[in-house]
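I opened my notebook to go through this structure one feature at a time. These are my entries, in the order I made them.

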Amino acid sequence: MTNIQEILYRYLNLQLRLMVFSGARSSEGASRIKVRPVMLRDKLVFQCASTVGTKEFHENLERDAAVLRMEEWIFRDFRQLQIDSEAGSVTVLVSKKGKVTVKEKSRKECDCGSPEAVEERKRQLSHNRKKRYILEEGKPVDFLVDLGVMTGEGKVVHARYDKFRQINRFLEFIEDILPRLDRDRELTILDFGCGKSYLTFAMYYYLRKLKGYDVKIVGLDLKEDVIARCQALAEKYGYDKLQFCQGDIASYRGVDRVDMVVTLHACDTATDFALAKAVGWGASVILSVPCCQHELNRQISNEVMKPVFSYGVLKERIAALMTDGLRAQMLERAGYETQILEFIDMEHTPKNLLIRAVYTGKKKDNEKELRACLDAFHLHPTLESLLFQGGAEK
């Protein structure tokens, strides 16, 4: 039995909390795989959730089959495995040359082998076949109660369940970029167009209260009454490093350094101004859910595509997709590793794409391809002007 097999057999049991395979060796196939134990018809199996592009695929494997599959994953498909269990934690790293490094830390206080603990864990795993959320049902969170998402007992209000799922989905995106955030200093996060600030409060609660990061978050919006309400709630909860300001994205000058910029549902070119601000600050992370991409819809034309563009709704959707695809490529050109991911639908709108960009400093040499695309469709996007024609390019 190999060392990896031994580790897998030791941790693939009732006490497992989560396994994560990451550091994909290829851009094809799954970018990461998360594994959790579940009880199905009184049998322990391991649910494997594979992220492929913007979609997630699930498969349930029994222990022996899981070990065989996971050996393939760690030696063929991924470079890192992180295991979190009630009994301990393990990090497995595989170098490009195949060298395996294992770091293991046991939890001596674990009393997970007693009959009572085993039965309780089985009960939990039977219950947890449902989606597990970062902010759990049954545990009241003050801002979710005040914003009408939860009752005082922690039960999710039925009519607000989509909002609850949306908040947790957003926190999953943040969970993925935690390694890019510095734990050793205060981090500044700006949320442009924060609105009622469900996600702003969620970010603060998750990063500061649950994960222990020293963060300062500023929410910015044009609506004076909304900002006053959010500021009052922040003060009520004692969220001393969460503040809300009234202002416009394009003219905001309140900070000199920003680590993460969030822009959710900023309308049309307001998203472009927010992205340009983020690049100008050298923000490590950008999370953007664009909305109302009207600018290119007014510009887009192409003789070959003319028959399709004659249908207004199709032209609008193509223009919206072109807008966000070009934004992502421009961020790549500015030194960001960029993904476009599926988000849960925002309330009252079908917009559900999120641009996630992480700064690497490696600028993609795509100017020629971008220019060819822009010229082919007669496009002059605001972000291009802000980043590459106005002196903002880093």
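**Entry 1: Cys292.** Cys292 has 22% relative accessibility, so I logged it as partly exposed; the buried class stops under 20%. I note that I am working with a predicted model. Next I checked the backbone. Cys292 has a positive phi of about 50 degrees, yet it is not a glycine. I placed Cys292 in the loop that runs between strand E12 (285-291) and helix H9 (294-299).

**Entry 2: His378.** Here I found another non-glycine with a positive phi, this one about 55 degrees at His378. His378 sits in the loop between helix H12 (367-376) and helix H13 (382-389).

**Entry 3: helix H8.** I turned to helix H8, residues 270-281. H8 has 12 residues and spans 17 Å from its first C-alpha to its last, close to the expected 16 Å. How many of its residues are buried? I read nine of the 12, so H8 is mostly covered by the under-20% cut-off. Among the buried ones I listed Asp272, Lys277 and Trp281. Just after H8 comes Gly282, with a positive phi of about 70 degrees.

**Entry 4: aromatic pairs.** I then went to the rings. The count came to 15 aromatic pairs. I picked out Phe201 and Tyr237, which pair edge-to-face. Their centres are 5.8 Å apart, with 75 degrees between the planes. Phe201 belongs to helix H6 (residues 198-210) and Tyr237 to helix H7 (residues 224-237), so this pair ties together parts 36 residues apart in sequence. Both Phe201 and Tyr237 are buried.

I followed Tyr237 onward. Tyr237 also pairs with Tyr239, in a tilted arrangement. I noted 5.3 Å centre to centre and 55 degrees between the planes. Tyr239 is buried, as is Tyr237. Which residues join them in a cluster? Ring pairs link Phe143, Phe201, Tyr204, Tyr205, Tyr237, Tyr239 and Phe244.

**Entry 5: charges over rings.** Last, I looked for charged side chains above ring faces. Lys163 lies over the face of Tyr198, 4.5 Å from the ring centre. Arg183 places its charged end over the ring of Tyr213, at 4.2 Å from the centre.

Terms used: Residues are numbered from 1 along each chain as its sequence is written. This is a predicted model: local features need pLDDT of at least 70, side-chain atom pairs count only at pLDDT 80 or more; totals for chains, interfaces and linings use all residues. Side-chain values use heavy atoms; hydrogens and water are left out. Helices (H or I, at least four residues) and strands (E, at least two) are DSSP runs, numbered from the N terminus. Buried means under 20% relative accessible area, exposed over 50%, partly exposed in between (1.4 Å probe, protein chains only). Rings of Phe, Tyr and Trp (its six-membered ring) pair if their centres lie within 6.5 Å; planes under 30 degrees apart count as stacked, over 60 as edge-to-face and the rest as tilted. A charge sits over a ring if NZ of Lys or CZ of Arg is within 6 Å of the ring centre and within 35 degrees of the ring normal. The expected span of a helix is 1.5 Å times one less than its number of residues.
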